[in-house]
Amino acid sequence: LTRASNASVYSPEFLALKYGSNPLKVLRRTSQIVVGLGSFALKVFFDDRNGKLNQNKRLRAVELRRTLTRLGPTFVKIGQGLSTRPDLCPSEYLEELEELQDALPTFPDVEAFSCIEKELGMPLESMYSSISSSPIAAASLGQVYKGQLKYSKQVVAVKVQRPGIEEAIGLDFYLIRGLGFFINKYVDIVTTDVVALVDEFARRVYQELNYVQEGQNARRFKKLYADKAEVFVPDIFWDFTSNKVLTMEWVEGVKLNEQAAIESQGLKVLDLVNTGIQCSLRQLLEYGYFHADPHPGNLLATPEGKLAFLDFGMMSETPEEARYAIIGHVVHMVNRDYEAMARDYYALDFLSPDVDVTPIVPALRNFFDDALNSTVSELNFKTIVDGLGAVLYAYPFNVPAYYALILRSLTVLEGLALYADPEFKVLAASYPYFAKRLLTDPNPYLRDALIELLFKDGKFRWNRLENLLVQGRKDKDFLAKDALQPVLKLLLGPDGEELRNLVMKESIRVTEAIVLGGVIDTYNFMPGPLRSLLFSGNITGPLKASASEQESMLTLRAQVFRIWGLLQSSESFDPSILQPIVQVLQEPEARSLGGRVIGGITQRLAARLLQQVLRV
């Protein structure tokens, strides 16, 4: 921490003071950017006009990579984001832009080694018994050497910051921020505060320049998420870490977009991507602390089949209220409850409380009614983002910075999956996690969302519960006991009267279906002569009920039995899980509810019996 005390912090006021008084420097940098990107855009334009767009793709891809590299680390970051989007860039561009992840031009090794000694205050040979003579990888903000610690023989990665990096990114953010002011003032179609987004991104990049902060991020990330066997986070060696030098455990692995190399080790890319998605969902929606820069250079497949996370410079946090609102938003989307979806934007901090959401509802309905013609699991994440984007632009939304980083994180993971499977859907892979959280999380917001999903117009939707259990069981952390006890506690709580009435009616209906279904089964198994003897030759069966009513009861019974079978077949199922339920049922409210249910069942069966006695 002492070594990092002089770390730079992003200050737009300082940058304005520094570069506002140096117009020549600003003009020179502006011209570099305009000439670099403008000349590339002109070449692509003329390729299109001359019918040579496809013919020159590879050439233009190389030129774009070189242009972004020349323009410096800020534009390299942009290229890194594009390199993970096969749905936005042709394959030729993707292959070239991938080199921006860890194959950038290096700076002299002498400067790097001098920086290590200056930052750590010791000669190189006293710290490392060996260190590679040249970088193993070079990224936008620094380059990495492979070494071995002298005192422990531990193999490590030593990351050294590029010289002059603060000056380069400071000027770029000053210019981009100025562009943000222009957009806010003159471009009406953009309702988001662009300057706020630029400031947030700039703060994240400046944090990346503080390697002690990155080490602390790695330590926190490991503590929260490395409890899963399939996730690996390297250790930090603090004695050899400073503001501009980071020493961490060396990780052997293959980048996640190198499919052939991964499969040659007997591993599957989609399994690793799915691990990344599940870990990201925990990051975003459980603890709220997430890796905001998961490009392929930062995600490695280890020989043991683990997913290794690297580079913890750019991290962000999801506010607690927003975490639950996101899950609720998915439930409202499934239910097509667009009024509730619109209200979610208050909790997500997209809208100020004084904004009327009524005009937003038709826009949501127009988009999602078409999108949800497919099942939710078939929706592409980019489709949802694009559709919501159209709504965001049309109404007074203010997209918070954390949301932009969430989108970046998930779109990168979906982009990686598309390399291996063009039909991969992030939402399909995410749904088991959402189902598990809804079934097992005791949070009041999620409990209300679950009730909203399961009950509609006073009726229980058994098919929804069955689907949630089918999906939830796909999550490795799903526990059957957790899906039962919180619901019962809510049911018997002081505010559960309305729910108790609904459950009582449904319990009577289910019990009737089970009892009378047994009667129907018994009748169907009887020999013909015995049926005639007992039921006087009644061809409609043992009950005074239509064929459709009997079919409905049998269908309900089958659904209930399937759901019980799902719970029993859960890996975590143990009859002892019923013990806390028995304890809950001993409470006065439970005994009262039980009495009402038994009374209702008795009345219902008595009515059925009377029908049988009085029928002609």
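Helices, in this presentation, are DSSP runs of H or I with at least four residues, while strands are DSSP runs of E with at least two, and both are numbered from the N terminus. Good morning, colleagues. The model is a predicted one: local features need pLDDT of at least 70, side-chain atom pairs count only at pLDDT 80 or more, and totals for chains, interfaces and linings use all residues. Residues are numbered from 1 along each chain as its sequence is written, and side-chain values use heavy atoms, with hydrogens and water left out.

I begin with the chain as a whole. The chain holds 27 helices and 13 strands. Of its 616 residues, 50% are buried, where buried means under 20% relative accessible area, exposed means over 50%, and partly exposed lies in between, with a 1.4 Å probe and protein chains only. The accessible surface comes to about 29,700 Å², and 57% of that belongs to carbon and sulfur atoms; such areas come from the Shrake-Rupley method with a 1.4 Å probe, and for residues only the protein chains shown count as cover. Contact means heavy atoms within 4.5 Å. Among contacts between residues at least 6 apart in sequence, 71% join residues at least 24 apart.

Next, the salt bridges. The term denotes a side-chain nitrogen of Lys or Arg within 4 Å of a carboxyl oxygen of Asp or Glu. In general, side chains of opposite charge can pair when their charged atoms come close. The count by this rule is 25 salt bridges.

Which residues are linked in a network of salt bridges? They are Asp227, Arg282, Glu286, Lys436 and Asp475. An α-helix has 3.6 residues a turn, so residues three or four places apart point the same way. Glu286 is partly exposed because its relative accessible area is 26%, whereas Arg282, at 8%, counts as buried.

Lys436, another member of the network, lies in helix α19, residues 426–440. Is Lys436 buried or exposed? Its relative accessibility is 7%, so Lys436 counts as buried. Leaving aside neighbours within four places in sequence, Lys436 is in contact with Glu286, Asp441, Gly472, Asp475, Asp477 and Phe478.

In one, Glu466 pairs with Arg562, with the closest N and O atoms 2.7 Å apart. Glu466 sits in helix α21 (residues 462–472) and Arg562 in helix α25 (residues 547–569), a separation of 96 residues. Glu466 is buried at 16% relative accessible area, while Arg562 is partly exposed at 41%.

In the other, Glu252 pairs with Lys146, and the closest N and O atoms are 3.6 Å apart. Here Glu252 is in the loop between β6 (245–249) and β7, Lys146 is in strand β3, and 106 residues separate them. Glu252 counts as partly exposed at 48% relative accessibility, and Lys146 is partly exposed at 31%.

I turn now to the strands. Two strands pair if DSSP finds at least two bridges between them. An open sheet of 4 strands has the order β5-β10-β9-β7, with mixed pairing. Its edge strands are β5 (231–232) and β7 (254–255), each of which pairs on one side only. Strand β5 pairs with β10, residues 307–309, in the parallel sense over 2 bridges. Ala308 in β10 is the bridge partner of Phe232.

Most residues other than glycine have a negative phi, and most peptide bonds are trans. Asp311, although not a glycine, has a positive phi of about 60°; it is placed in the loop between β10 and β11 (315–317). At 17% relative accessibility, Asp311 counts as buried. Lys153 likewise has a positive phi, near 65°, and is found in the loop between β3 (142–149) and β4 (155–161).

Finally, one more helix. Helix α10, residues 194–208, has 15 residues and reaches 21 Å from its first C-alpha to its last, close to the 21 Å expected at 1.5 Å a residue; that expected span is 1.5 Å times one less than the number of residues. Its buried residues include Val194, Val198, Val205 and Tyr206. Thank you for your attention.
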